[in-house]
Amino acid sequence: MSQKSLAEIGTPVRHFTLQLSATRRGARLARLLTERQLDEWGESYDAAAQVVAELASNAVLHGRVPGRDFRLTLRLYADRTLRIEVTDARGDRIPRLPGPVAQDAEGGRGLLIVAAYAHRWGVVETAAHGKTVWAELTPDQGNLPGPTV
């Protein structure tokens, strides 16, 4: 067992969170802000940007409640694991991986993309009947190459 304490392992080194409007514009902004924030932290952002784009899009399309925003949270840990969280107001609509998707289908691939990039992902209930869909990207999965220079 490592000499690191649980606090060292479980405490993010970097943290970013923001409320965004539950609109297509808000979803696009989530991706852009993720790219900029990770660039500021010196991390590559291609895989993370894709995951955020899918989760934010799902929050807008499937998790929207009129008058309620969604929240984007990024947590970067010491081992360079990046945890992405998108919280919306529709806890009654839990995302699930779809079955086979027709080639000409316009949707149904978002969570497959998340699952392909993420080391692991899941959903947790939040207060006020909402939910948080989260995904973790790890450097050993090839999702986060070394820091950019």
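**Figure 1. Overview of the predicted model.** A residue is buried if its relative accessible area is under 20%, exposed if over 50%, and partly exposed in between (1.4 Å probe, protein chains only). Of the 149 residues of this protein, 40% count as buried. The model is predicted: local features need pLDDT of at least 70, side-chain atom pairs count only at pLDDT 80 or more, and totals for chains, interfaces and linings use all residues. Residues are numbered from 1 along each chain as its sequence is written, and side-chain values use heavy atoms, with hydrogens and water left out. The protein has 4 helices and 5 strands. Helices (H or I, at least four residues) and strands (E, at least two) are DSSP runs, numbered from the N terminus. Along the sequence they follow the pattern α-β-α-α-β-β-α-β-β. A contact means heavy atoms within 4.5 Å. Take the contacts between residues at least 6 apart in sequence: 62% of them join residues at least 24 apart.

**Figure 2. The buried side of helix α4.** Which residues of α4 (residues 110-117) are buried? They are G110, L111 and V114. These residues cover an arc of only 90 degrees around the axis, which puts them on the same side of α4. The arc is that of the directions from the helix axis to the C-beta atoms. An α-helix has 3.6 residues a turn, so residues three or four places apart point the same way. The buried residues of α4 pack against α3 (46-62), β4 (120-126) and β5 (130-137).

**Figure 3. A closer look at V114.** V114 is found in helix α4. Its relative accessible area is 1%, so V114 is buried. Which residues does V114 touch, leaving aside its neighbours within four places in sequence? V114 is in contact with V51, E54, L55, W121 and A135. V114 and A53 are 61 residues apart along the chain, and their C-alpha atoms are separated by 9.5 Å.

**Figure 4. Helix α3 against helix α4.** Two packed helices are described by the angle between their axes and the distance between the axes. Here α3 and α4 pack at an angle of about 150 degrees, with their axes 9 Å apart. That makes α3 roughly antiparallel to α4. Axes are lines fitted to C-alpha atoms, for helices over the stretch in contact, and angles run from 0 to 180 degrees between N-to-C directions. Angles under 35 degrees count as roughly parallel, over 145 as roughly antiparallel, 65 to 115 as roughly perpendicular and the rest as oblique. The crossing of α3 and α4 is left-handed. On the α3 side, the contact is made by A47, Q50, V51, E54, L55 and N58. On the α4 side, G110, L111, I113, V114 and Y117 take part. By class, the contact of α3 with α4 has 7 nonpolar, 3 polar and 1 charged residues. Ala, Val, Leu, Ile, Met, Phe, Trp, Tyr, Cys and Pro count as nonpolar, Asp, Glu, Lys and Arg as charged, and the others, Gly among them, as polar.

**Figure 5. Helix α2 against helix α3.** The axes of α2 (residues 24-40) and α3 come within 9 Å and cross at roughly 155 degrees. The two helices are therefore roughly antiparallel to each other. Is the crossing of α2 and α3 left-handed or right-handed? The crossing is right-handed. A crossing is left-handed if the near helix is turned anticlockwise from the far one by less than a right angle, and right-handed if clockwise. From α2, the contact uses R24, A27, A30, R31, T34, E35 and L38. From α3, it uses A48, A49, Q50, V52, A53, A56, S57 and V60. The residues of the contact of α2 with α3 divide into 9 nonpolar, 3 polar and 3 charged.

**Figure 6. The loop between β2 and β3.** A78 is found in the loop between β2 (70-76) and β3 (82-88). A78 has a relative accessible area of 53%, so this residue is exposed. A78 and V13 are 65 residues apart in sequence, and 5.8 Å apart in space, C-alpha to C-alpha. R80 also lies in the loop between β2 and β3. R80 is not a glycine, although its phi is positive, about 75 degrees. Most residues other than glycine have a negative phi.

**Figure 7. Residues in two other loops.** A128 lies in the loop between β4 and β5. Phi of A128 is near 60 degrees, a positive value in a residue other than glycine. D69 is placed in the loop between α3 and β2. With a relative accessible area of 41%, D69 is partly exposed. D69 is in contact with Q19, L20, S21 and A22, leaving aside its neighbours within four places in sequence.
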